[in-house]
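Reader: I've got a chain open on my screen. Can you talk me through how its parts pack?

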Amino acid sequence: MASRTYLSMDDLNKAALEQFVYQPVSRDMIAYLANAAHSVIACDSTLMPPPAREAKSQSQSQDRPPTPPRSPEPRAVCSTDDALPTLEEFITQLVVSSNVQVPTLMSTLVYLNRLKAKLQPMARGLRCTTHRIFLAALILSAKYLNDSSPKNKHWANYTHMNTDYCSFGFTRTEVNLMEKQLLFLLEWELRITEHDLYRELDFFLEPVRIKIAERHARKMRHREEKKRQQEMYAAAARCCASPNIHTYNDIP
């Protein structure tokens with residue numbers, strides 16, 4: 001980092017991002033991700049996809065996957081349907097099960113907002129569409145950023161939740177389908193740049209930038225004070241080392 005009185009925004013963003021990626025996953029991060037996923041598309045709470053067996057049979061009945069892959073026809077929610085976990089609960093389940101780290105997890109924001117920009121304003125999703133979108137974004141993020149990432153069958157296992165009020169999870173067939181759909185909607189644009197991260201993570205980077213700027217300012221003030229002291233000591237030393245110009249005649 002350059003030793004300047006003030007750091008540029010690029011310097012601050014770079015330093016803040018380097019610190020942020022080593023933080024542990026927090027509840028604030030999960031809540032922020034859930035809000036971002038909810039903002040991508042409005043969902044119809046009365047519709048759910050068909051049961052996994054039906055979806056699998058429809059997928060297997062095709063000779064090859066269509067382009068784009070078609071979602072199975074939705075069905076109306078019945079009174080016997082299990083409650084849907086909140087998106088925050090679902091993301092927490094994925095974080096705990098997969099042990100995903102902050103760089104991969106938070107990079108999903110790039111794909112979520114990229115998808116939001118591509119969808120039509122009138123687009124509507126099913127009851128669990130936000131869960132599907134987030135999972136697909138996380139899978140793509142893991143595959144893009146890491147040399148080795150979990151297979152889709154493992155991601156399907158990570159989604160399984162059994163609580164007192166719900167039994168929830170996606171099959172490998174569903175996971176494969178949602179990944180293909182997101183790839184198609186994003187037009188295979190998976191590149192993530194530093195400036196993408198600076199923009200999407202600004203909410204988290206801002207307090208880190210402030211601390212870095214304050215620490216740098218203190219460092220520069222200390223350096224300037226030390227420089228002034230050294231100059232004073234040098235001036236005093238020169239005075240002490242100068243020859244005595246007084247003579248005895250000058251003494252009264």
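Reader: How close do the axes of helix 5 and helix 6 come, and at what angle do they cross?

Author: The axes of helix 5 and helix 6 (residues 129–145) come within 8 Å and cross at roughly 120 degrees. Axes are lines fitted to C-alpha atoms, for helices over the stretch in contact, with angles from 0 to 180 degrees between N-to-C directions. This is a predicted model: local features need pLDDT of at least 70, side-chain atom pairs count only at pLDDT 80 or more, and totals for chains, interfaces and linings use all residues. Residues are numbered from 1 along each chain as its sequence is written, and side-chain values use heavy atoms, leaving out hydrogens and water.

Reader: Parallel or oblique?

Author: Helix 5 and helix 6 are therefore oblique to each other. Angles under 35 degrees count as roughly parallel, over 145 as roughly antiparallel, 65 to 115 as roughly perpendicular, and the rest as oblique.

Reader: Which residues of helix 5 and helix 6 make the contact?

Author: From helix 5, Pro103, Thr104, Leu105, Ser107, Thr108, Tyr111, Leu112 and Leu115. From helix 6, the list includes Ile133, Phe134, Ala137, Leu138 and Tyr144. Contact means heavy atoms within 4.5 Å.

Reader: What classes are in that contact of helix 5 with helix 6?

Author: It has 13 nonpolar, four polar and no charged residues. Ala, Val, Leu, Ile, Met, Phe, Trp, Tyr, Cys and Pro count as nonpolar, Asp, Glu, Lys and Arg as charged, and the others, Gly among them, as polar.

Reader: Now helix 2. How does it lie relative to helix 5?

Author: Helix 2 and helix 5 are therefore roughly parallel to each other. The axes of helix 2 (residues 27–38) and helix 5 cross at roughly 20 degrees and come within 10 Å.

Reader: And which residues make that contact?

Author: Met29, Tyr32, Leu33, Ala36 and Ala37 of helix 2 meet Val102, Leu105, Met106, Thr108, Leu109 and Leu112 of helix 5. By class, that contact has 10 nonpolar, one polar and no charged residues.

Reader: How many residues of helix 5 are buried?

Author: 12 of its 17, so helix 5 is mostly covered. Buried means under 20% relative accessible area, exposed over 50%, partly exposed in between (1.4 Å probe, protein chains only). Among the buried ones are Val110, Arg114 and Leu115.

Reader: Zoom out. How many helices and strands?

Author: The chain has 10 helices and six strands. Helices (H or I, at least four residues) and strands (E, at least two) are DSSP runs, numbered from the N terminus.

Reader: And what share of the whole chain is buried?

Author: 36% of its 252 residues count as buried.
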